[in-house]
Amino acid sequence: MMNDSDMRSILKCVRCGTCRSVCPVFDVSGWESSSSRGRMLVAHGLAQGMEADESVFDSINTCTTCGLCEQMCPSGASPVKVIENVRHKLVLQGKMTDAQKLLRAEALEKGNPLGEVKDRMAWLGDSKDELPEKADYVFFAGCLASYRYPEITKKTFDILKKFGVTALKEEVCCGSPLLRTGSDPAELVSKNLEQIRKTGAHTIITGCAGCFTTLKNDYPDNIEVVHVTEFLADRLAEMDLKKLDLKVTYHDPCHLGRCNGVFDAPREIIKSICYLEEMKSNREKSKCCGAGGGVLKGYPELSLELSKNRVEEIPKDVDYLVTACPLCRTNLKRGGPRVEVLDVIDLLEMAMG
C-alpha cells in the first residue's frame, strides 16, 4: 500500500517526539495517534496490512497538513506527504469518511466543495462581459473568496485589473480540498487549465493559500503562480497608499508561509500602511488556524479549538488581526478573536482611501 518514498519517510521517523511539542492537534486532543509520530506508526501499520477502522480514520484525517512537524523534524521525515498519500490510497479502496465523500461529491458535481449552486462569478457584477480574453496574468479567485467573500474578491480584482489582469469566466475549484483529503482533482484541474491556456497567460495570481499551494505545486510547471500579496508588494510605488494610524498583527497561512516560503510580501504591504506587531509564533513557526486538510469540514469542533488556541496569541494592543487566506480568515473568526479579522486587501483598500 505504501510507495518507497513514503516508506523511507516513515522509517526516518525516530519517534523522538519533537512533533508532539508543536502539533496543534496533539495539543488539543492529547492522544498519541493524533501526533505526527503516532500517525506515522498508524501509516506503517496500514502498510503492514492493518485494517482501517474508525480510530485509524480519526488519526489520519485530523491532520491539518500544516507542516509544522516537518519544519521541526530533526530526522527529515515528511509526515504531511505520507498522510496525504495514505488518505489517497484509502479513498482508492473506497475507505473514507462521510465528510470526505460529501466534499468530493460537491466539488466534482458543483465545482466547489461548499455545495453552492449560484453563479460563482457573481462577484464580478456587470463587468463579467468585459473580461479581456487574452492577458499575461489571470486572477484565480477560489471557492471561498467567490462565495463567502465576494466584496473583497471584487476589490482585489479591481486593483489587479489596473495591471492588465483577467479572470476565468468558468472557474471551478482548484482541487486543493480533494488533494488534501485523498481524492483525485484531475477533472477540475483540466477544466481550469483549458481556460488559463486560452487566455495565453504566463502567470496565475491568487489570494487563497490553499489555491496557491495547489496551483503552484500540482498544476503544470510551465505556469508561474504568485500570491496576490507578492504581485502587489512589487507594485506598491504605483498605488499611492496613505499611512494609517493603526497597529495590526499578522497570521501566516500555513500553505502560503511555511509550505511555500511567502513571508515577506504580506509584511511589506502591511508595513507600508501601518505598524505591525508580530504574534508570538510567526513565520516558519506560525501556529495553524485549524481549518486545513479537511479538518474544518470533517472535525469542526476540533477545528474550533485549534482556532481558539491561535487567537490567544493576538497581542493585546492591536486594532486588527490580518491574514492572507479566506480559509484562515473564516476559521480565525470562529475562534472568537478580540479584534476584527481582515484580509491584507481590506487593509490596502483602507489605505487607498
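## Salt bridges

The count of salt bridges comes to 21, in a model that is predicted. One of these joins the side chains of R120 and E171, with an N to O distance of 2.8 Å. This pair links distant parts of the chain, since R120 lies in the loop between α8 (98-110) and β1 (137-140) while E171 lies in the loop between β2 (165-167) and α11 (176-181), 51 residues apart. R120 counts as buried because its relative accessibility of 6% is under 20%, and E171, at 5%, is buried as well.

A second pair, K154 and D158, meets at 3.1 Å, N to O. Both residues belong to helix α10, where a spacing of 4 residues means that they are separated by about one helical turn. K154 is partly exposed, with a relative accessible area of 24%, and D158 is likewise partly exposed at 26%.

The side chains of K287 and E313 form a salt bridge at 3.7 Å, N to O. Here too distant parts of the chain are linked: K287 is in the loop between β6 (275-276) and α16 (295-298), and E313 is in the loop between α17 (300-311) and β7 (320-323), 26 residues apart. K287 counts as partly exposed at 29% relative accessibility, whereas E313 is buried at 12%. Elsewhere, R20, E32 and R37 are linked in a network of salt bridges.

## Cavities

A search of the whole structure finds 4 cavities of 30 Å³ or more. The largest cavity has a volume of about 160 Å³ and is lined by 17 residues, of which A145, I152, T156, G207 and D343 lie nearest its centre. Elements that give two or more residues to this lining are α10 (150-160), α14 (228-233) and α19, with the largest share, 3 residues, coming from α10. By class, the lining divides into 11 nonpolar, 5 polar and 1 charged.

The second largest cavity holds about 120 Å³ of space, and its lining consists of 16 residues, with C13, C16, C19, C73 and A77 nearest its centre. Helix α4 (36-47) supplies the largest share of that lining, 3 residues. The classes there are 10 nonpolar, 4 polar and 2 charged.

## The surroundings of D346

D346 is found in helix α19 (residues 344-351) and counts as buried at 10% relative accessibility. Its side chain reaches the backbone nitrogen of D343 at 2.9 Å. Leaving aside neighbours within four places in sequence, D346 is in contact with I152, K155 and R329.

Terms used:
Residues are numbered from 1 along each chain as its sequence is written. This is a predicted model: local features need pLDDT of at least 70, side-chain atom pairs count only at pLDDT 80 or more; totals for chains, interfaces and linings use all residues. Side-chain values use heavy atoms; hydrogens and water are left out. Buried means under 20% relative accessible area, exposed over 50%, partly exposed in between (1.4 Å probe, protein chains only). A polar contact is a pair of N or O atoms within 3.5 Å; within protein, one must be able to donate a hydrogen and the other to accept it, and residues adjacent in sequence count only if both atoms are side-chain atoms. Contact means heavy atoms within 4.5 Å. On a 1 Å grid over the protein atoms alone, a cavity is a set of points where a 1.4 Å probe fits but cannot get out, and a pocket is an open set with protein on both sides within 12 Å along at least five of seven lines; lining residues have an atom within 4 Å of a point. Grid points are joined across faces, edges and corners, and a volume is the space filled by probe spheres set on the points. Ala, Val, Leu, Ile, Met, Phe, Trp, Tyr, Cys and Pro count as nonpolar, Asp, Glu, Lys and Arg as charged, and the others, Gly among them, as polar. A salt bridge is a side-chain nitrogen of Lys or Arg within 4 Å of a carboxyl oxygen of Asp or Glu.
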